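Here is a short briefing for a reader meeting this structure for the first time. Please look over the sequence and the model, then read on by topic.

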Amino acid sequence: MRRGASFCLLFLLSLVLLGFVQAKPNYKEALAKSILFFQGQRSGRLPRSQQLAWRSDSGLSDGLFAHVDLTGGYYDAGDNVKFNFPMAFTTTMLSWSTLEYGKRMGPELPNARAAIRWATDYLLKCATATPGKLYVGVGDPNVDHKCWERPEDMDTVRTVFSVSARSPGSDVAGETAAALAAASMVFRKVDRKYSALLLRTARKVFQFAMQYQGAYSDSLGSAVCPFYCSYSGYKDELLWGAAWLFRATNEMSYYNILKSLGADDQPDLFSWDNKYAGAHVLLSRRALLNNDKNFEQFEGEAENFMCRILPNSPYKTTQYTQGGLMYKLPESNLQYVTSITFLLTTYAKYMKATRHTFNCGNLLVTPNSLLYVAKRQVDYILGENPIRMSYMVGFGPNFPKRIHHRGSSLPSLASHPQAIGCDSGFEPFFHSANPNPNILIGAIVGGPNQNDGYPDERSDYSHSEPATYINAAMVGPLAYFAGTLN
């Protein structure tokens, strides 16, 4: 080898060792792990294909209090409660991810479908078990949160919660309808009978949401508040549900509902609670890809949202940390980061398909403007940040070891067959400084604080607790970059 060439090689190696040159994250690996995470959240009887072997069957009597079968579904985060409002949003986002990016998922597409079906099988039970009722949760959160026990050992009361004509819940019903409608499109080509059942049920649940209007927080009180209160009201879920049913059916009746709902709020976030921005991006697809003038209003609203997010926009209302992370709220901030990042990549996809650009004041916005910000957020979460911490468990050399998650932090049934009661998990497990014994692969935690710091403490649930909806929104961007850059 010539001396000049060998010097260049040594120089590059030294830069890599010093951390000045970084290999881009392995998005395909992150995508696979982001979907595998959902196996760790499963409730019900686990299949033989279960890969996270430290989990076992749980919640097998769910629904017994109402004399119905409500087994299955997902625990929302680090506890053992099934909250249908965020679970349905998780399902909608997994479905949207699969619809937009399924062709980029490669071998992960069947796994994404399986993650969706685990939720929709449960949501179908909730919607059809009792005429005139929609079941919206299992487990008393106020009791459950006083315990630190494995889902397999649950001995807390498994209270069943529902909404009805007399106790309405247009928000949770609208989101459930959105989830079932979106999922019906995921299964349309691979299981037509199941797809038809999902769509048929979505129609009925949405009709219920429209006919008996009211917030489920008002009907159920402390069963859902302050955990998953519908702070934004229920109009956004009616818009979201109608938008998904319109996309699934192309029927003008749903378009008419969209128009009848009137002026929308224009928030600068997107979450399990506030769906306006997501609905605007979803509906803008029709304006951009179909050149349908009737949907230009939603295109404008989607672009107003982007102008509030982009760091160089004169209309920016979004803070960024010194390390470059979007910072919306102190508690579980990454839920907003992943959801907004999904909208950035998806709107950029629509823009690219039509060579569309827009302006935020004097700032010209191209698809790559959005993708640059989206990639920066994804890379930050995967470890390209000031403390070199991957916020996805099991990804990269340095990731959270003490996540706020009962099943992960307590020994598995295989290693500790004796039951661990409600209070028995706190000492020595919850208060231990040791890493969690079970790695919840793929889980994305609440994330760093506004100073890019992360203490990695189990008790610090605002930062160390994973949640299904954080992951669900990350699947789409990961699939986009896995299919584009890896």
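At what angle do helix α3 and helix α4 pack, and how far apart are their axes? The angle is about 145°, and the axes lie 10 Å apart. Keep in mind that this is a predicted model.

**The α3–α4 pair**

- Helix α3 spans residues 84–101, and helix α4 spans residues 109–128.
- Two packed helices are described by the angle between their axes and the distance between the axes.
- The crossing of α3 and α4 is left-handed.
- From α3, the contact residues are N84, M87, A88, T91, L94, S95 and T98.
- From α4, they are L109, A112, A115, I116, A119, T120, Y122, L123 and C126.
- Sorted by class, this contact holds 11 nonpolar and five polar residues. It has no charged residues.

**The sheet**

- Three strands make an open sheet, ordered β1-β2-β3, with antiparallel pairing.
- The edges are β1 (82–83) and β3 (160–164), and each of them pairs on one side only.
- Strand β2 covers residues 133–138 and pairs with β1 over two bridges, in the antiparallel sense.
- K82 has V138 of β2 as its bridge partner.
- Helix α4 packs on the sheet and touches β1 and β2. The direction of α4 makes about 130° with that of β2.
- On the other pairing, β2 and β3 are joined over five bridges, again antiparallel. Here G137 has F161 of β3 as its bridge partner.

**Inside β3**

- Is β3 enclosed or open to the outside? Five of the five residues of β3 are buried, so the strand is largely enclosed by the rest of the structure.
- V160, S162 and S164 point one way from β3. F161 and V163 point the other way. Residues on both sides are buried.

**Salt bridges**

- How many salt bridges are there? The count comes to 20.
- One of them joins the side chains of R55 and E152, at 2.7 Å from N to O.
- This pair links distant parts of the chain, 97 residues apart. R55 sits in the loop between α2 (27–36) and β1. E152 sits in the loop between α5 (141–144) and β3.
- Both partners fall under the 20% cut-off for buried residues. R55 is buried, with a relative accessible area of 4%. E152 is buried too, at 18%.
- R117 and D121 form another salt bridge, their closest N and O atoms being 3.7 Å apart.
- Both R117 and D121 belong to helix α4, four residues apart, about one turn of the helix.
- R117 is partly exposed, with a relative accessible area of 29%. D121 is also partly exposed, at 34%.
- D292 and R286 meet through their side chains in a salt bridge of 3.1 Å, N to O.
- D292 counts as buried at 16% relative accessibility, whereas R286 counts as partly exposed at 23%.
- Salt bridges with shared partners also tie E100, R247, R285 and K349 into one network.

**S271, a loop residue**

- Where is S271 found? This residue is in the loop between α10 (252–260) and α11 (276–289).
- S271 counts as buried, because its relative accessibility is 6%.
- Leaving out residues up to four places away in sequence, S271 touches F89, Q335 and Y336.

- L382 lies in the loop between α14 (367–381) and α15 (406–409).
- Is L382 buried or exposed? L382 counts as buried, because its relative accessibility is 7%.
- Which residues does L382 touch, not counting residues up to four places away in sequence? They are P25, Y27, A30, S390, M392, F395 and L478.
- L382 and V445 are 63 residues apart in sequence. In space, they are 11 Å apart, C-alpha to C-alpha.

Terms used
Residues numbered from 1 in each chain as written. Predicted model: local features only at pLDDT ≥ 70, side-chain atom pairs only at ≥ 80, totals over all residues. Heavy atoms only, no water. Axes fitted to C-alpha atoms, helices over the stretch in contact; angles between N-to-C directions. Left-handed = near helix turned anticlockwise from the far one by under 90°. Contact = heavy atoms within 4.5 Å. Nonpolar A, V, L, I, M, F, W, Y, C, P; charged D, E, K, R; others polar. Pairing = 2+ DSSP bridges. Salt bridge = Lys/Arg side-chain N within 4 Å of Asp/Glu carboxyl O. Buried < 20%, exposed > 50% of the residue type's maximum accessible area, 1.4 Å probe, protein only.
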